[in-house]
Amino acid sequence: MRFGFTIDGNRNKLTGNMATDNTNDGFLVVGSNNTLTKNAARGGTDGFADGFSIFGANNTLLKNTASDNADDGFDVHTDDNTLRTNVATDNGDGGFAIEGTRNRVQQNQAQDNGGVGIQVFGVSNQIPSNTALGRATPFFFDLEYSNVNCGHNLCEDDKFNNRHLRCID
C-alpha cells in the first residue's frame with residue numbers, strides 16, 4: 001500500500017502539498033495537534049483510499065481539497081478535530097465522514113460524492129454552515145446524541161436523512 005503523506009508526529013504544519021494517484025490514503029494523520037492547510041488529495045485508487053484520514057486528536061484541516069478518491073474525501077475517527085472550509089468532490093463514497101466527539105465541522109462543501117455528503121456520528125460535535133450538493137444523500141447527522149450548533153446547513157433538492165431536522169435550514 002502506498003500512502004501519499006503519513007503524519008505520525010505531533011505539532012506539524014503541512015501547507016500546499018498534493019497527493020495524487022495513491023493506492024491508499026492521500027494524507028494519513030495519526031499524530032495530534034497538526035495543521036493541514038491548502039493541501040490536495042486526488043485519485044486514491046484502493047477501495048478504502050480516503051483523501052484525508054484522521055486518527056489523531058486536536059488536528060486542524062483548513063482549505064484542503066479531496067477529489068476522485070475511491071472512499072471518503074475526509075474521514076475522521078477521533079475527537080476534538082476542526083475541519084473548516086474544506087471541499088470534497090467526486091469521491092467514491094462520502095464527502096465527510098466524522099465519527100467522534102467535540103469535532104467542529106464548519107463551512108465545508110461536499111459535492112457529487114457517491115455516498116453521503118456529510119455524515120456525523122458521536123456526541124457534542126459542532127456542525128454549522130456546511131453545504132452538500134449532488135448525487136447522493138447530502139447530510140446524515142446521528143443526532144440521537146447531543147450535538148450542538150448544527151444549524152444553517154444547506155442542501156440541494158431537500159434530500160437528506162436525519163433523525164432531527166433542526167440542523168437543515
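This is a predicted model: local features need pLDDT of at least 70, side-chain atom pairs count only at pLDDT 80 or more; totals for chains, interfaces and linings use all residues.
1. Strand β13, residues 96-99, runs parallel to β16, and four bridges join the two.

2. On β16 itself (residues 118-121), have a look at the two faces. Ile 118 and Val 120 make up the covered face, while Gln 119 and Phe 121 are on the uncovered one. Side chains in a regular strand alternate between the two faces of the sheet.

3. Now the rings. I'd point out that there are four aromatic pairs in the structure. In one of them, Phe 27 and Phe 52 are stacked, with 4.7 Å centre to centre and 5 degrees between the planes. This pair ties together distant parts of the chain: Phe 27 belongs to strand β4 (residues 27-29) and Phe 52 to strand β7 (residues 52-54), 25 residues apart. Phe 27 and Phe 52 are both buried.

4. Next come Phe 74 and Phe 96. Their ring centres are 4.7 Å apart and their planes lie at 5 degrees, so this pair counts as stacked too. Again distant parts of the chain are linked, with Phe 74 in strand β10 (residues 74-76) and Phe 96 in β13, 22 residues apart. Phe 74 has a relative accessible area of 0%, so it is buried; Phe 96 is buried as well, because its relative accessible area is 0%.

5. Finally, the cluster. Through ring pairs, Phe 5, Phe 27, Phe 52, Phe 74 and Phe 96 are linked together. Phe 96 also brings us back to β13, the strand that pairs with β16.

Technical notes:
Residues are numbered from 1 along each chain as its sequence is written. Side-chain values use heavy atoms; hydrogens and water are left out. Buried means under 20% relative accessible area, exposed over 50%, partly exposed in between (1.4 Å probe, protein chains only). Two strands pair if DSSP finds at least two bridges between them. Rings of Phe, Tyr and Trp (its six-membered ring) pair if their centres lie within 6.5 Å; planes under 30 degrees apart count as stacked, over 60 as edge-to-face and the rest as tilted.
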